[in-house]
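Dear colleague,

I am handing over the structure we spoke about, with the sequence alongside.

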Amino acid sequence: MSLTAWLEQTLSPRARLAVLGTGTLLVIALFFPLWRITMFANQFPDGIRLSIYAYKLVGGNGGADLQGINILNHYIGMHEIQAADFVEMKFIPFALGVFLLLGLRTAVFAKVRDLVDLTVLFIYFSAFSFGVFWYRMYTYGHQLSPDAPIKVPPFTPPVLGHQHIANFDVYSTPGVGTVLLVAFSLGLVTVLVLTTRRGLSARV
């Protein structure tokens, strides 16, 4: 099968419904955190938490933990963590809405090429967003004030996993929102693979 013929294949009704179904995950993801950061220390045995949503930051303990984290960061010269610094929070909700519309377009026009466009663009978007998040963590840990009361070497807070920073154990894990976005991309890839197999079987 030529590339052109493959791209011009028509999606089955079941595949179109699957694309619509996975699109709902984009909407649901907005209501759950994309990432969670938890910090433990002797003075915080229960941990202090920060949840990062697509459009806001929410501290644990009714929001008090974010203030507590910023107070701790002040002592080591780190900039205050605030939503205004996360420029990705300005484009992620908009981008998810665009991908939802592209999913509707794919279901309506029902061509493999539309599904490929949607899948590739979303993977690029995900990789870019993760890179921006890593850079944000890097700048927070490397742009420390030289006048800070407590001196620590420049560091990058963990984007994924565990890291010991000063007297804190910091854990960074994906939230439910990220799991839903991964499920969306895997759903698109699955539909693409099954559609390709169906096309190949029809030619045998």
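Below are notes on the aromatic rings, on one helix and on one threonine.

This is a predicted model, in which local features need pLDDT of at least 70 and side-chain atom pairs count only at pLDDT 80 or more, whereas totals for chains, interfaces and linings use all residues. Residues are numbered from 1 along each chain as its sequence is written, and side-chain values use heavy atoms, with hydrogens and water left out.

Aromatic rings come first. A search of the whole structure gives 11 aromatic pairs, where rings of Phe, Tyr and Trp (its six-membered ring) pair if their centres lie within 6.5 Å, and planes under 30 degrees apart count as stacked, over 60 as edge-to-face and the rest as tilted. The ring centres of Trp134 and Tyr138 are 5.4 Å apart with the planes at 25°, so this pair is stacked. Both belong to helix H5 (residues 112-142), where a spacing of 4 residues separates Trp134 and Tyr138 by about one helical turn; helices (H or I, at least four residues) and strands (E, at least two) are DSSP runs, numbered from the N terminus. Trp134 is partly exposed at a relative accessible area of 41%, and Tyr138 is partly exposed at 32%, given that buried means under 20% relative accessible area, exposed over 50% and partly exposed in between (1.4 Å probe, protein chains only). Elsewhere, Phe99, Phe122, Phe125 and Phe184 form one aromatic cluster.

The next notes concern helix H3. Helix H3 (residues 64-75) has 12 residues and reaches 18 Å from its first C-alpha to its last, close to the 16 Å expected at 1.5 Å a residue, the expected span being 1.5 Å times one less than the number of residues. Its buried residues are Asp65, Leu66, Ile69, Asn70 and Asn73. Seen down the axis of H3, these fall within an arc of 140°, so they line one face of the helix; the arc is that of the directions from the helix axis to the C-beta atoms. The face turned away from that buried side carries the exposed residues Gln67 and His74. After H3 comes Gly77, with a positive phi near 85°.

Finally, Thr106 lies in helix H4 (residues 88-109) and is buried, with a relative accessible area of 0%. Leaving aside residues up to four places away in sequence, Thr106 touches Leu11, Val19, Lys111, Asp114, Leu115 and Leu118, contact meaning heavy atoms within 4.5 Å.
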